[in-house]
Amino acid sequence: MSDIAVVDVSIDSEVFVAKSEYNSIYTTSLDVAEKFAKQHKNILQNIHTLISQNPNCSSMFSEEQYEKRGKLYPMYKMNRDGFSLLVMGFNGQDANEWKIKYINAFNRMEQIIRKELIDLQKKAM
């Protein structure tokens, strides 16, 4: 597929592998398993459980296949929201570090928005 590109997304010096396809950015269950040192079959089960318990989140995940040694295996593509929902349920050091970075990034975003609002209010006076 010529419309697929692999890009590095840098967040707080942590590099996540993301793919871009048709103007949407996603990651895969394989990437998540590797990043968080978990077995891929467990990641698949976690996603399946999320979807079956929360049908509204099914649009965050897309069931796909990948080929390895001539055989097809299941995997999921997921958008940022699906990734966040999945990872928020993880435990362990890597997951906790990611959660803290997520919280810090959200707090920085909030500060930027608040500053912009204050600047807009000052200009309006």
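Which residue forms a salt bridge with Asp81? Point 2 below gives the partner.

1. Ground rules. This is a predicted model, in which local features need pLDDT of at least 70, side-chain atom pairs count only at pLDDT 80 or more, and totals for chains, interfaces and linings use all residues. Residues are numbered from 1 along each chain as its sequence is written, and side-chain values use heavy atoms, with hydrogens and water left out.

2. Asp81 and Arg80. The partner is Arg80: the closest N and O atoms of this salt bridge are 3.4 Å apart. The term needs a side-chain nitrogen of Lys or Arg within 4 Å of a carboxyl oxygen of Asp or Glu. Arg80 counts as exposed because its relative accessibility is 62%. Asp81, at 38%, is partly exposed. The cut-offs are these: buried is under 20% relative accessible area, exposed is over 50%, and partly exposed is in between (1.4 Å probe, protein chains only).

3. The salt bridge count. The whole structure holds 3 salt bridges. Side chains of opposite charge can pair when their charged atoms come close.

4. Two pairs in helix 4. Glu110 and Arg114 join in a salt bridge at 2.9 Å, N to O. Both sit in helix 4, 4 residues apart, about one turn of the helix. Asp119 pairs with Lys115, and the closest N and O atoms are again 2.9 Å apart. These two also lie in helix 4, 4 residues apart, or about one turn. Glu110 is partly exposed, with a relative accessible area of 31%. Asp119 is partly exposed too, at 26%. Helices (H or I, at least four residues) and strands (E, at least two) are DSSP runs, numbered from the N terminus.

5. A nonpolar patch. Phe106, Met109, Ile113, Leu117 and Leu120 make a nonpolar surface patch of about 490 Å². Patch residues have over 30% relative accessible area and no salt bridge; nonpolar side chains (Val, Leu, Ile, Met, Phe, Trp, Tyr) are joined within 5 Å, like charges within 9 Å. Areas come from the Shrake-Rupley method with a 1.4 Å probe; for residues, only the protein chains shown count as cover. Leu120 belongs to helix 4, residues 93–124. Leu120 counts as exposed because its relative accessibility is 54%.

6. Thr27. Look at strand 3, residues 24–28, to find Thr27. Is Thr27 buried or exposed? Thr27 is buried, because its relative accessible area is 11%. The Thr27 side chain makes a polar contact with the side chain of Asp31, at 3.2 Å. A polar contact is a pair of N or O atoms within 3.5 Å; within protein, one must be able to donate a hydrogen and the other to accept it, and residues adjacent in sequence count only if both atoms are side-chain atoms.
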